[in-house]
Amino acid sequence: SVVSAIERLEQELRRAERHHLSLSVILMDLDHFKQTNDTYGHQAGDEVLRQTAARIQETIRASDIVARYGGEEFGVLLPHTGLPEALSVAERIRERLAAEPMRYGKRELRTTASLGVAEWRGQTDSRTLIGAADQALYRAKEEGRNRCCAAE
């Protein structure tokens, strides 16, 4: 659930602060997801979400945490990870989603994602960190989708 994901983020922020560790967050949004739901129905949309979560999980480390965050948004928490490495993880996720269509019955559904990446800067609380990733995500969408942007 979203609440437990936020609680987990708070725990990781406290740990990073205590031990002077890096921590980054990726927020991602599936591009034109409403169109998938409207064209193929909500069951197809649910299947795309399931396959997306599985592909993210296959791409990240066991110590990273993925959570659904809103309708077609996912959050990925990357403990012990600075911004350059987090951007490279985001890019691997983006490529993995774009490379191979999702399967729904006999249909192949092309799916891309826009991703925003932010690194915890020591003074930042969880809301500020998520806000920074969200602004970067918004920029990725504005710049044409199917891309990763880092928080400024």
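**Exercise 1.** Determine which residues lie on each face of strand E6, and whether these faces are buried or exposed.

*Solution.* The model is predicted: local features require pLDDT of at least 70, side-chain atom pairs count only at pLDDT 80 or more, and totals for chains, interfaces and linings use all residues. Residues are numbered from 1 along each chain as its sequence is written, and side-chain values use heavy atoms, leaving out hydrogens and water.

Step 1. One side of E6 carries Ala113, Leu115, Val117 and Glu119, and the other carries Ser114, Gly116 and Ala118. Strands (E, at least two residues) and helices (H or I, at least four) are DSSP runs numbered from the N terminus.

Step 2. Residues on both sides are all buried, that is, under 20% relative accessible area with a 1.4 Å probe, protein chains only.

Step 3. Because seven of the seven residues of E6 (residues 113-119) are buried, the strand is largely enclosed by the rest of the structure.

**Exercise 2.** Identify the strands joined to E6 and their directions.

*Solution.* Step 1. Strands pair if DSSP finds at least two bridges between them. E1 (residues 23-30) runs antiparallel to E6, with seven bridges; Leu30 has Ala113 as its bridge partner.

Step 2. E7 (residues 148-150) runs parallel to E6, with three bridges; Cys148 is the partner of Leu115.

**Exercise 3.** State which helix the chain passes through between E6 and E7.

*Solution.* The chain passes through helix H5 (residues 126-142), in a left-handed β-α-β crossover. A crossover is right-handed if, with the strands pointing away from the viewer, the path from the first strand over the helix to the second runs clockwise.

Methods: Buried < 20%, exposed > 50% of the residue type's maximum accessible area, 1.4 Å probe, protein only.
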